[in-house]
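Please look over the model below. My notes follow it.

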Amino acid sequence: RPAIVGDGLLAPLRAAAAPALGTGDPVDALLRADLLLHLPDALLAKVDRASMLEGLEVRAPFLERRLVEAAVRLPAVWKVRGLSTKVVLREALAGVVPRDVLSRRKRGFAVPVARMLVGALGARLEERLASSRLAREWFDPSYPRRLLSEHRSGRFDHARRLYPLLA
């Protein structure tokens with residue numbers, strides 16, 4: 001499995017997570033997979049690229065080795081209770097952090113593809129549809145052109161259909 005973030009950066013995470021997350025508890029198994037696969041190969045890599053693009057310095061304070069080591073040793077019930085996650089963290093911060101912040105849903109860092117398709121990304125898709133042998137031989141490019149036109153007009157959001165053609 002190729003790692004996007006260098007293995008030198010992952011070594012402390014792997015070392016911290018290994019002992020406590022091998023308990024056989026399903027919550028711990030999922031957290032281990034998240035720590036070792038999804039976090040470094042997807043989330044951290046994307047944040048790293050996006051922050052570098054904008055010249056931002058980003059930190060992940062909850063990934064400090066000693067904190068990870070302490071967190072993975074906690075019982076699963078302190079981490080997840082029903083559909084509530086980060087249980088012990090939320091309880092520890094109650095009264096310090098406003099309640100609406102502690103109870104708010106996760107917000108991701110979605111790429112504004114829909115907005116980008118109105119501009120330069122849409123122009124690139126038009127060029128590809130016009131010049132692509134694949135488009136001429138495998139499908140009728142008039143349909144994606146119509147979707148792009150509707151998307152650009154603001155009548156419909158066809159980003160989920162159009163972006164895969166570009167990718």
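1. Basis. This is a predicted model: local features need pLDDT of at least 70, side-chain atom pairs count only at pLDDT 80 or more, and totals for chains, interfaces and linings use all residues. Residues are numbered from 1 along each chain as its sequence is written, and side-chain values use heavy atoms, with hydrogens and water left out.

2. Helix pair. Helix H10 spans residues 142-153 and helix H11 residues 159-166; their axes come within 10 Å and cross at roughly 130 degrees. Therefore H10 is oblique to H11 (under 35 degrees is roughly parallel, over 145 roughly antiparallel, 65 to 115 roughly perpendicular, the rest oblique). Axes are lines fitted to C-alpha atoms, for helices over the stretch in contact, with angles from 0 to 180 degrees between N-to-C directions. Helices are DSSP runs (H or I, at least four residues), numbered from the N terminus.

3. Their contact (heavy atoms within 4.5 Å). H10 contributes Tyr143, Pro144, Leu147, Leu148 and His151; H11 contributes Ala159, Arg161, Leu162 and Leu165.

4. Cores. The largest nonpolar core has 11 residues, including Val113, Leu121, Leu147 and Leu162. A core is a set of buried Ala, Val, Leu, Ile, Met, Phe, Trp, Tyr and Cys residues joined through side-chain atoms within 4.5 Å. Helices H7 (113-118), H8 (120-131), H10 and H11 each give two or more residues to this core.

5. Is histidine 158 buried or exposed? Histidine 158 counts as buried, at 8% relative accessibility (buried is under 20% relative accessible area, exposed over 50%, partly exposed in between; 1.4 Å probe, protein chains only). Histidine 158 sits in the loop between H10 and H11.
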